Amino acid sequence: MTEPVVLWWLRRDLRLDDNMALNAALTTGMKVLPVFILDPMLLKGERFSLPRLKFMLAGLAALRDELLALGSDLLVRRGDPLQVLPSLVSEFSATAVYANRDYSPYAIRRDQQMVAALAVPLHWFDDAVLHAPAETLKGDRTPYVVYSPYKRLWLTLPKMSPLQEFNGNGKFRNFSGVDIPTLPSLSDLGLPETIAVPKAGAQEAMRRLNQFTERAIFNYAVARNDLTANPFDDGASADVSSGLSPYFRFGMLSPRQAYAAALEARLVAPTTAAQDSVDTWVSELAWREFYTQILYRFPHVYNTSFRAEYERVEFRQDAHELRAWQQGETGYPVVDAAMRQMNSIGWMHNRARMIVSSFLTKDLLIYWREGDVAFMKALIDGDPAANNGGWQWAAGTGTDAQPYFRIFNPVSQSQKFDPDGAYIRRWVPELRGVPNAFIHEPWTMASPPNNYPPPIVDHKFARERTLNAFKAIKSE
């Protein structure tokens with residue numbers, strides 16, 4: 001007779017340490033069987049990303065290595081979770097399933113259906129956030145739609161510490177006699193090869209977290225806007241960005257681990273300014289959870305503007321300009337550098353994300369959703385909630401939105417955050433020989449580089465065009 005087990009259904013929590021669902025499964029006294037289901041639906045959506053899939057597969061491989069060292073394995077199955085998971089419950093005589101919640105619209109629908117599809121209990125845990133959406137409601141039990149008061153509440157709530165050190169020896173099911181297929185590659189899935197991705201896995205995530213909180217976090221408030229060429233190269237660029245966002249995206253790092261590391265750093269911060277820098281980084285954790293609860297409470301934002309009146313803005317449809325923006329050929333060096341960075345390494349600096357988002361939605365007056373989808377296709381850290389929140393902020397259509405009349409000037413942003421043009425020269429090789437005096441506006445040279453395009457639009461003209469488009473809605 002098959003020994004009964006409990007299933008640990010992995011989704012966006014690819015780690016053993018400080019994993020709430022796994023910890024609960026381990027305390028049942030039954031053997032735990034780790035399962036990951038590769039849902040074909042996620043490979044077909046318009047926001048599907050080859051680089052992000054590649055990074056996820058690398059994270060699964062790293063996790064599998066850890067499980068193999070414990071005498072177990074990772075069972076990866078392909079198919080509709082609503083069919084695969086009940087089948088696994090029957091196949092292995094599982095008595096329960098343990099999983100951590102996902103708050104995206106698709107995940108919520110799938111998980112609600114899963115409860116009805118299973119013949120055994122399905123236990124849920126709010127592992128991906130420090131505070132679940134239900135914990136961060138206003139006094140009248142409605143959700144916050146402005147970040148500042150949300151953050152004030154978020155900071156006052158008691159934070160759960162990371163779970164005690166993981167010890168899974170002898171607690172996972174032995175897979176002897178079970179046919180465990182190898183982890184699929186992109187090729188196995190019928191997909192082409194894509195860009196190189198950083199080293200994945202929980203151990204790498206903790207190494208990066210420790211590296212960041214030992215030094216760079218103390219200067220984060222000052223340096224966080226300096227445009228970073230590549231945070232995944234250990235060295236100078238690691239001093240201004242933690243590079244942890246891809247690891248958060250797949251739960252290779254928990255928010256409790258990050259918050260605890262920040263608290264420890266704050267205790268040894270050498271100055272008040274260094275403490276403030278730690279607090280600034282912690283506020284980024286709060287931003288992440290603010291956008292998570294917005295998507296959870298207002299799922300319509302995934303495809304339409306949070307502020308419904310801005311759906312009436314007469315946005316432009318220009319395939320040529322959209323393509324030029326996507327490929328980094330707008331003629332504005334900082335915009336082009338940022339887009340080429342994303343296309344090359346699957347990541348873009350946060351300040352650069354603001355700049356290119358403003359350029360698409362305000363200079364080109366193209367609907368924000370085009371940018372949201374383009375980012376999600378390219379980014380290894382593409383998170384539905386954070387990406388959507390950032391785009392709607394830039395477009396002026398969201399919750400804590402950048403007001404429509406505040407429009408980034410790509411030249412002044414470039415001058416401020418890449419003063420010597422190092423970021424531009426790294427990603428736009430056509431401009432490497434341009435003197436500093438012209439690096440932000442090469443079109444003003446007597447003889448501009450002939451292999452780099454002129455500006456696709458005049459910023460002053462574009463600014464007035466956008467103001468008029470939004471004012472038309474306001475006047476209604």
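**Two helices.** I began with helix H12 (residues 333–345) and helix H14 (residues 368–378), whose axes come within 9 Å and cross at roughly 40°, where axes are lines fitted to C-alpha atoms, for helices over the stretch in contact, and angles run from 0 to 180 degrees between N-to-C directions.

**Source of the values.** I am reading a predicted model, in which local features need pLDDT of at least 70, side-chain atom pairs count only at pLDDT 80 or more, and totals for chains, interfaces and linings use all residues. Residues are numbered from 1 along each chain as its sequence is written, and side-chain values use heavy atoms, with hydrogens and water left out.

**Strand E1.** I then turned to strand E1 (residues 5–10), where six of the six residues are buried, so the strand is largely enclosed by the rest of the structure; buried means under 20% relative accessible area, with a 1.4 Å probe and protein chains only. Helices (H or I, at least four residues) and strands (E, at least two) are DSSP runs, numbered from the N terminus.

**Its partners.** I found that E1 pairs in the parallel sense with strand E2 (residues 31–38) over six bridges and with strand E4 (residues 94–100) over five bridges, pairing being called if DSSP finds at least two bridges between two strands. Trp8 stands opposite Pro34 in E2, and its bridge partner in E4 is Tyr98.

Terms used:
Buried < 20%, exposed > 50% of the residue type's maximum accessible area, 1.4 Å probe, protein only.
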